[in-house]
Amino acid sequence: MSTPHTAPQTPPTEIESRESLFEGVRAELEKYLEPGQIEMVHRAFLFGAEAHKEQKRRSGEPYITHPLAVAQIMGTMRFDATTLVAAILHDVVEDTSVTKEQLAAEFGEEVMELVDGVTKLTQITFESKAQAEAENFRKMLLAMVRDIRIMLIKLADRLHNMRTLGFMRPDKRRRIARETLDIYVPIASRLGLNAMRLELEDLGFAALYPDRHRVLSEAIKKARGNRREIVTKIESSIVERLGLDGLGSARVQGREKHIYSIYQKMRQKGLPFSEVFDVYAFRIVVDTVDMCYRVLGAVHNLYKPVPGRFKDYIAIPKANGYQSLHTVLFGPYGVPIEVQIRTEDMDCVAEAGVAAHWLYKGGEDSSNNFGTHFRVREWMRSVLEMQQSAGNSL
Ligand code: MN
């Protein structure tokens with residue numbers, strides 16, 4: 001019996017297991033992309049899986065699981081199909097024999113430019129924190145105005161690497177964690193990517209100071225139990241008061257400080273854990289700016305405000321575009337209560353920063369990115385202007 005003369009092919013079982021890797025991303029993309037766009041991302045996945053097929057992650061998984069995870073992160077932020085294609089292919093020029101020209105021929109100039117931008121960012125080495133802060137930083141930010149998506153892919157790349165840091169050698173783990181805290185956290189902060197910043201900080205802290213992280217998380221867990229009753233009591237008093245004032249539609253949520261910000265505050269102010277942690281913090285989200293000020297009046301009526309602690313970031317937004325009213329109240333049993341008040345729109349910007357522009361696109365025709373790009377460019381321009389006029393403070 002003779003064997004048929006066919007070109008060597010990937011065996012079917014391997015194709016099947018490859019396809020199963022894509023399922024998570026597909027499920028995310030089906031929430032907001034057209035079938036044709038998902039197919040394009042899928043084609044990028046097949047191309048990337050083939051290019052990286054000889055490589056494995058330290059965890060032993062096929063390498064493509066990493067760029068796929070990066071695409072998944074960007075999918076939850078509702079990025080356009082072109083950005084997702086570039087996210088899946090972000091390491092092919094750096095790590096495989098695929099060239100920029102091939103990428104442009106297969107997926108177009110825009111994808112090639114994005115991947116090239118990420119590759120160049122990866123190659124910048126920061127000699128020191130001071131240098132990175134002083135000159136490269138501003139230049140980089142300015143260069144990014146051309147296409148902020150390059151930096152967003154890089155940040156998502158770093159986030160996934162931080163999530164999977166456990167597989168690295170301890171010395172490498174510490175170096176990457178240090179770099180994350182020194183370079184990527186400030187960038188995420190400038191771009192207003194608050195949810196991403198908080199995760200990067202907590203992962204960086206855990207990797208850099210595992211013992212301190214463990215002690216502090218245990219302290220938090222213990223303290224949390226003791227607080228629950230007071231949190232519930234304050235929350236229901238606020239809800240009741242708002243109801244009486246005709247502001248019943250406001251969403252009141254208790255929130256907790258993140259571990260890294262507790263650690264930093266203890267260090268910077270030389271305070272014991274209990275003093276930093278014993279602050280009760282709430283966020284109140286409403287529909288309109290007018291309601292923000294009415295809610296402020298209502299809570300000041302309920303508990304006395306601490307003098308000098310009120311800040312109006314609605315009238316004067318922070319340099320990264322953040323808007324909210326902040327106030328501190330004298331709560332029951334003398335506990336301080338920090339309150340943030342903002343609209344749904346402001347809440348979205350507070351969590352996702354510049355990425356909120358993609359999140360927000362909703363009903364818009366997602367094949368046309370012009371609107372988003374225009375808004376993002378305007379946003380970047382205003383951020384840079386505010387940073388200049390504010391003397392670069394954030
Ligand atoms: Mn990567």
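**Exercise 1. State how the donor residues of the manganese ion are spaced in sequence, then locate the donors.**

The spacing of the manganese donor residues along the sequence is H-x23-H-D-x65-D. The model is predicted: local features need pLDDT of at least 70, side-chain atom pairs count only at pLDDT 80 or more, and totals for chains, interfaces and linings use all residues. Residues are numbered from 1 along each chain as its sequence is written, and side-chain values use heavy atoms, with hydrogens and water left out.

Step 1. Donors are N, O and S atoms within 2.8 Å of the metal (3.2 Å for Na, K and Ca); water is not among the atoms, so sites may look incomplete. The protein donors are His 66 (NE2), His 90 (NE2), Asp 91 (OD) and Asp 157 (OD), at 2.2 to 2.3 Å from the manganese ion.

Step 2. Asp 91 lies in the loop between α4 (81-88) and α5 (92-95), and Asp 157 in helix α9 (residues 148-163); the pair is 66 residues apart and links distant parts of the chain. Helices (H or I, at least four residues) and strands (E, at least two) are DSSP runs, numbered from the N terminus.

Step 3. Buried means under 20% relative accessible area, exposed over 50%, partly exposed in between (1.4 Å probe, protein chains only). Asp 91 is buried at 8%, and Asp 157 is buried at 5%.

**Exercise 2. Determine how the buried residues of α15 are arranged and what they pack against.**

Step 1. Helix α15 (residues 289-302) has 14 residues and reaches 20 Å between its end C-alpha atoms, close to the 20 Å expected at 1.5 Å a residue. The expected span is 1.5 Å times one less than the number of residues.

Step 2. Its buried residues are Met 291, Cys 292, Val 295, Leu 296, Ala 298 and Val 299. Because they cover an arc of only 165° around the axis, they are on the same side of α15. The arc is that of the directions from the helix axis to the C-beta atoms.

Step 3. These residues pack against α12 (210-244), β2 (280-286), β4 (325-330) and β5 (336-343). Contact means heavy atoms within 4.5 Å.

**Exercise 3. Describe the nonpolar cores.**

Step 1. A nonpolar core is a set of buried Ala, Val, Leu, Ile, Met, Phe, Trp, Tyr and Cys residues joined through side-chain atoms within 4.5 Å. The largest has 81 residues, and those with the most contacts inside it include Leu 103 and Leu 155. Helix α9 gives the largest share of this core, nine residues.

Step 2. A second, separate core of 27 residues includes Val 231, Tyr 280, Phe 282 and Leu 296.
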